[in-house]
Structures are given as structure tokens and as C-alpha cells.
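Reader: I would like to learn how to read a two-chain model with some care. Could we work through it feature by feature?

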Amino acid sequence: MTPELADDVRSSRTVARTLPWVAIVALTAMVQFVRAAPIDGTVFSTVAVALLADAIGIVPRVGPLAAPGRLPALAGALAACLLLTLTPRHGVVDGIVLVGLGAAALVGGWPGVRAGGRERPRPGDTAALRRTAVLWAAVAIVTCLWELTSFVVDRLLPEQKAQHPAISDLLDPALDQLWFRALFVVAWIALGLALLSRGGRR
Amino acid sequence: MAWFTTLVFVACGVAAVALWLTGRRNALGLAPTGQLFDLILGERAVRMTVLVFWWWIGWHFLVARTIDP
């Protein structure tokens, strides 16, 4: 196989692997526009277009970033937790913090982080990883389909909305209570830090 | 019916926590969730999809209109 042909094969595999993810993000963007949330829709659309552009090779390559030190990351996370918990929900401060966190996560997450000292999965782990992936995918798909059902019921049969609440309907009143908002914010920030530290290139 | 809808969401949350805890102990033939994420998040499309959904959860519940009118 010539180097050019090998590049073509590699490139078409990248596009094929990326398209399902682009479809998921694009469909989510569409749902956001339908529910009249244009900012949310624009963010998802931008990510979908960026991923598609990257897959077909028109985005310049960027090397993996060095992960920020533990202390600055924890200090930033603590500051974000305090601001998001103690300032009014849906307020300007929360908006500024979320825009900053989104920019940091999406820009920092684009190239990925350098591989740390984590071990590669051993060949014997492959079956366990596959089982784990299938189970996580099942949980995610059931959750998304159930939430989508609530969304469709809300749109088509608004009088039935109380019978089929969405996750938002269930969590919204609780988030107005300080203790639950603190719990939610800490869990959400911790998850973000964990996600950003994963997937190092080897 | 509302109780059943809520129960399904709670069951999904419990299943996620159970998967995480079981994987941590390498029990029932499951791998740690962190190891799985190390593997799948190495792919940019997956990483960016997961990150944008993570960000949106924060945005939706803390900043934007959480409940549609």
C-alpha cells in the first residue's frame, strides 16, 4: 500500500468513526433550537461543525496540552464552586463562570492532555472493558430515551406533562435550595475535572 | 404515572453509581470506569461530545431557562 493510499484509508476511517458523534451532537442542537434555546443550540452546532471539519482534515493539527498543575486546577474549581453556589441561580455571575468554564473545557479538551503515568489496558482487560462499555451505553441510552419521551410528551400532549416530568422538572425545585445546589455544583465540577484529565494520548 | 417516570430516572442513576462502584472493585467482570474513559476519550470526537454535554448540564441547570414555559 502506498503512503498516499494509507493516508486515504486512515482519513476515511477517521470520518466514519466521527460521523456518529457528529450526528448525536447535531441532533441535540436541533432539539435545543426546537425548545427555543438558541444559545444552547448554537454551542452544540458549533461543536458538530468543528468535529466534522476536523474529521475531513481542514482543522490544523494541535499537539496535546500539558495538564495544568493540581493546585491551580483545584483553586479554580473551588472558586467556581463557591461562586456557582453562593450567587443567585440564573444570575450574571453564574453566566460568566459558565462561559469561562465552557471555553476552558472545550478549548483545553480539543487537543487533549498528555498521557500521564496510567497503564495501558492489558489484553485480558479488553473483554471487561467491552462489557463495561455496553452497560454504560445502555444506561446512557435508556436515560436519554426516557428524557426524550418527556420532551415529546411535553410538545405533543402538554396536558400530560405532569404525568411525564423531565429531569429538569424534577431537579429545578431542588436546585433552589442551597444545600442541593452545593451538592450539584461540587459533583458537576468534579466530573468535569475527571473528564478533562482522562483520554491522554499515548 | 409521574411516580413511574421518576422511578425510571432514579433507577438509571442507581445503575450508574452501581456500575462505577462495581468497576472500581473489578467485580462481576467489569473494568474501572476510569479505564474505560481513558480509552474512549482518547478519540477527539468522543471527548468533545462528552465535554459539551457535561458543560450543557451546568449551563442548563444553573444559568439558562431550566424549565420550558
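Author: What follows takes up the interface, a helix pair, the nonpolar core and one glycine.

Author: This is a predicted model, in which local features need pLDDT of at least 70 and side-chain atom pairs count only at pLDDT 80 or more, while totals for chains, interfaces and linings use all residues. Residues are numbered from 1 along each chain as its sequence is written, and chains are lettered from A and ligands numbered from 1 in the order in which they are written.

Reader: How many residues of chain A are in contact with chain B, and which helix of chain A gives the most to that side?

Author: Two residues are in contact if their C-beta atoms, placed from the backbone, lie within 7 Å; here 62 residues of chain A are in contact with 46 residues of chain B. Helices are DSSP runs (H or I, at least four residues), numbered from the N terminus, and α5(A) gives the most to the side of chain A that touches chain B, with 14 residues. That side divides into 34 nonpolar, 14 polar and 14 charged residues, where Ala, Val, Leu, Ile, Met, Phe, Trp, Tyr, Cys and Pro count as nonpolar, Asp, Glu, Lys and Arg as charged, and the others, Gly among them, as polar.

Reader: At what angle do the axes of α5(A) and α1 of chain B cross?

Author: Axes are lines fitted to C-alpha atoms, for helices over the stretch in contact, with angles running from 0 to 180 degrees between N-to-C directions. The axes of α5(A) and α1(B), residues 2-24, come within 10 Å and cross at roughly 160 degrees, and the two helices are therefore roughly antiparallel (over 145 degrees). Among the residues that meet are A:Trp136 and A:Trp146 in α5(A), and B:Phe9 and B:Leu19 in α1(B); the residues of this contact divide into eleven nonpolar, five polar and no charged.

Reader: Which residues touch the most other members of the largest nonpolar core?

Author: A nonpolar core is a set of buried Ala, Val, Leu, Ile, Met, Phe, Trp, Tyr and Cys residues joined through C-beta atoms within 7 Å, and a residue is buried if 20 or more other C-beta atoms lie within 10 Å of its own, exposed if 12 or fewer, and partly exposed in between. Of the 39 residues in the largest core, those touching the most other members include A:Val25, A:Phe44 and B:Trp55, and the largest share, eleven residues, comes from α3(B). Leaving aside neighbours within four places in sequence, A:Val25 is in contact with residues including A:Leu51 and B:Val52.

Reader: Where does A:Gly102 lie?

Author: A:Gly102 lies in helix α4 of chain A and is partly exposed, with 19 other C-beta atoms within 10 Å.

Note on methods:
Angles under 35 degrees count as roughly parallel, over 145 as roughly antiparallel, 65 to 115 as roughly perpendicular and the rest as oblique.
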